[in-house]
Amino acid sequence: MKKSLSRFIPLLLATALLPACQQVKTTEAGAVGVERKQAMFTLLSNEQVNQMSAQSYANSLSQASKQGKLNNDAKATKRVRAIANKLIPQVGVFRKDALAWQWEVNVEDSPELNAYCAPGGKIMFFTGIIDKLKLTDDEIAAIMGHEMAHALREHGRERMSQAYAKQMGSQLVSALTKGKYDQYMGLANQVTEVAYSLPHSRGHESEADAMGLELSARAGYDPRAAVRLWEKMNAASQGQPPQFLSTHPSNQTRINDLQGLMPKVMPIYEGTRKKG
């Protein structure tokens with residue numbers, strides 16, 4: 001009887017956290033049609049997340065600077081910032097207020113194949129991803145557009161909201177049952193992680209891929225470069241975990257999805273190129 005109840009604990013958790021969240025629309029759909037509404041924790045505002053992000057980003061800059069790793073490659077820094085200067089004016093198609101964000105772009109010496117755009121528009125590229133993958137400007141734009149899309153969609157705030165709400169739900173269920181079924185909460189959390197949290201994170205990545213393509217196209221960068229980029233990433237990341245247990249789509253799934261979006265973004269790119 002107790003074991004069968006464990007199947008329903010994720011449902012109890014979801015029911016318990018509903019009052020703590022509200023459905024919001026963070027961005028316009030754009031040509032790629034990203035229209036999902038998002039559940040945000042009511043006590044966690046976008047402004048709060050942006051402030052926390054800005055402080056964390058400042059700390060990262062300070063640490064990199066002290067280590068002599070910040071913007072050392074003048075050519076790479078100039079190149080990345082020039083691409084950002086073309087992409088940032090395009091964000092208004094998804095959300096007008098983002099045009100007024102305090103955007104910042106820096107490059108850190110690091111072997112990591114990584115880049116990010118923190119909430120509020122704080123962009124960091126690592127030299128490793130540029131050098132090891134021998135990225136073209138179009139491919140850098142694909143990465144940057146993807147990372148900017150995460151910030152525009154407030155995916156960071158959404159993940160924080162999920163964590164807060166899940167914690168509140170667990171505490172509420174424990175209180176309602178007087179701790180009788182706490183031994184099953186660990187199993188329930190694992191089920192929730194695989195059945196809800198991980199697929200939702202993959203959903204974030206797919207949304208960022210789609211929006212990033214449109215941002216690149218509107219800025220005059222060839223969106224087909226995103227496919228070439230992930231072919232490079234696929235070659236560089238052998239042994240990735242199964243998609244079922246990954247927070248990202250498999251590389252091949254990602255490539256297929258990107259190719260499927262080309263009919264929506266190529267006309268935008270071609271129109272931009274005609275305008276010069």
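The model is predicted: local features need pLDDT of at least 70, side-chain atom pairs count only at pLDDT 80 or more, and totals for chains, interfaces and linings use all residues. Residues are numbered from 1 along each chain as its sequence is written, and side-chain values use heavy atoms, with hydrogens and water left out.

**Stop one: helix H4**

Select residues 74-87, helix H4. Helices (H or I, at least four residues) and strands (E, at least two) are DSSP runs, numbered from the N terminus. Now colour Ala 76, Thr 77, Val 80, Ile 83, Ala 84 and Leu 87: they are buried (under 20% relative accessible area, with exposed over 50% and partly exposed in between; 1.4 Å probe, protein chains only). They share one side of H4, because they cover an arc of only 135° around the axis (taken from the directions from the helix axis to the C-beta atoms). Turn to the other side of H4: Ala 74, Lys 75, Lys 78 and Asn 85 are exposed.

**Stop two: the sheet**

Select strands E3, E5 and E4, in that order: they form an open sheet with mixed pairing. E3 (104-108) and E4 (115-118) are the edges; each has a single partner strand, so one side of each lacks a neighbour in the sheet. Two strands pair if DSSP finds at least two bridges between them.

Conventions
The expected span of a helix is 1.5 Å times one less than its number of residues.
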